[in-house]
Amino acid sequence: MNIAMKNAKQKKRRTPQQMLLAGVMLFFFTAFLLLFVQSPSLLTAAMALLVPLAVWAMVRILPRLFPMDEFLLTLIAFLCALGVLLQYRYTPSRGLTQAFNCGAGLVAMVVCALAVRHIKSWRLLMVPLMGLSCALMALPFVFRAVNAGKGATAWVGFGGFTIQPSELVKIVYLFVLSYLLSRRRIVTGMIFIGLMLGFLVLQRDLGTAAIYGGAGLVLLYAATSSLLLIGGILGAGVGAVAVLYALFKNSYFLTVQNRISNWLDPFSTYDQLGGGYQIVQSLIAIANGGWWGTGLGLGNASVIPEFRTDFIFSALINEFGLVFAALVACVYVLIVLRSADIALRSTSAFHALLAAGSAALLAVQAFIILGGVLKFIPMTGVTVPFLSYGGTSLVSCLGLMGVVQGVASRNERLLREDQRLAEGGEDAQ
């Protein structure tokens, strides 16, 4: 009887995964409830219930429909819901749009996960995917939508909507490069990297170029284990960038020169158009936030022109504080480490490179933008993964996580098959 009671208590005891999910749901319920107290509205009351419910459904129901890593899914759900909260706090309509963008991103995540899990031969798809990536990268030169103040011409305008093709190409880039390197086509892979970087440099989107280049180097090292090759590529890349900057710093790359000047001394260019105003206001918002923040709904980060996108992390620090921001940064680290662990457990070079490349793309992007916000490096204009306002970026990030989930699902399926074979072998003996 005692043994039966102990087993029943163990079953009722919550697992760490369930406790984490409950904590995340309670956090967002409390946060939206606080916004409701500050400014009562039926929509905010509904969000206090719907956002935690959406987090629960994403973590508990989605894995029952499609094989998913629940711990990784919880971390992703936390960041997505945090992005909705931050956008809703300033502009409720943008918060709702961000929630719809999350829905579109979840569809992309499921599609990518199923593709990785079920497509067994990628050879015939490589040429079409390479052509698709080049076509998408060329779109900004045909249907150009210049984003004033950012200097890059990486956006495409259709009617009242704008998209950034390079964000969508990230996923295609990952599949093509992983396939080429897994087949030891190193030179072809390097040419493909150079081609994509060429498009981005012509678009003056150097932030995204750094993401593509950094992830490409990680995959090259994972495939070759050659520090000499990586060192040679880095040396050649730095030399090429130095030459291009010296030749075109006052014309084509004037924006880059301005950003370096703003980074070195933002106060000297504070009053200039495209000067250091945003960086200075970001630093003030961070300083006002301190260790524990001003409190949700009480911050002043809205004075930063791009606080919804490039500087959303400054708004986060302003209201939640440096301690909470450090915990959010740890969530990114956990996602990268979990993805790397999934890559290490893969039995296929192609799938291992897919998971490692997804982790590298996310890690490089997070480092570049968080380093820029905290003034460790110059600002590059890329988005904060999962938090910044924008549908294309969110769909891209969730699609990359779908790739990781697909690899994790495949690893789990192969493990179960091995266990069944082992059990069958024991029975046969």
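**Figure 1. Packing of helices α4 and α13 in the predicted model.** Helix α4 (residues 70–90) packs against helix α13 (residues 312–344) at an angle of about 155°, with the two axes 10 Å apart. Axes are lines fitted to C-alpha atoms, for helices over the stretch in contact, and angles run from 0 to 180 degrees between N-to-C directions. The pair is therefore roughly antiparallel, a term for angles over 145 degrees. The crossing of α4 with α13 is left-handed, that is, the near helix is turned anticlockwise from the far one by less than a right angle. By class, this contact of α4 with α13 has 21 nonpolar, one polar and three charged residues. Here Ala, Val, Leu, Ile, Met, Phe, Trp, Tyr, Cys and Pro count as nonpolar, Asp, Glu, Lys and Arg as charged, and the others, Gly among them, as polar.

The model is predicted, so that local features need pLDDT of at least 70 and side-chain atom pairs count only at pLDDT 80 or more, whereas totals for chains, interfaces and linings use all residues. Residues are numbered from 1 along each chain as its sequence is written, and side-chain values use heavy atoms, with hydrogens and water left out.

**Figure 2. Packing of helices α9 and α14.** Helices α9 and α14 pack at an angle of about 145°, with their axes 9 Å apart. The crossing of α9 with α14 is right-handed, the near helix being turned clockwise. On the α9 side, the residues that meet α14 include G207, A210, I211 and G214; on the α14 side, L353, A356, G357 and A360 are among them. Contact means heavy atoms within 4.5 Å. The residues of the contact of α9 with α14 divide into 13 nonpolar, four polar and no charged.

**Figure 3. The largest nonpolar core.** This core has 115 residues, and those with the most contacts inside it are L82, F313 and F386. Helix α4 supplies the largest share, 15 residues. A nonpolar core is a set of buried Ala, Val, Leu, Ile, Met, Phe, Trp, Tyr and Cys residues joined through side-chain atoms within 4.5 Å. Buried means under 20% relative accessible area, exposed over 50%, and partly exposed in between (1.4 Å probe, protein chains only).

**Figure 4. F386 in the loop between α14 and α15.** F386 lies between α14 (349–373) and α15 (391–428); helices are DSSP runs (H or I, at least four residues), numbered from the N terminus. F386 has a positive phi of about 75° although it is not a glycine. Most residues other than glycine have a negative phi. At 1% relative accessibility, F386 counts as buried. Leaving aside neighbours within four places in sequence, the residues in contact with F386 include I76, L79, C80 and G83, as well as Y332 and L362.

**Figure 5. R204 in the loop between α8 and α9.** R204 is found between α8 (186–202) and α9 (206–224). R204 also has a positive phi, of about 60°, although it is not a glycine. With 28% relative accessibility, R204 counts as partly exposed.

**Figure 6. T44 in helix α3.** T44 belongs to helix α3 (residues 42–65) and is buried, with a relative accessible area of 5%. Beyond its neighbours within four places in sequence, T44 is in contact with F32, L35, F36, S39 and Y88.

Technical notes
Helix = DSSP H or I, 4+ residues; strand = E, 2+ residues; numbered from the N terminus. Parallel < 35°, antiparallel > 145°, perpendicular 65-115°, else oblique.
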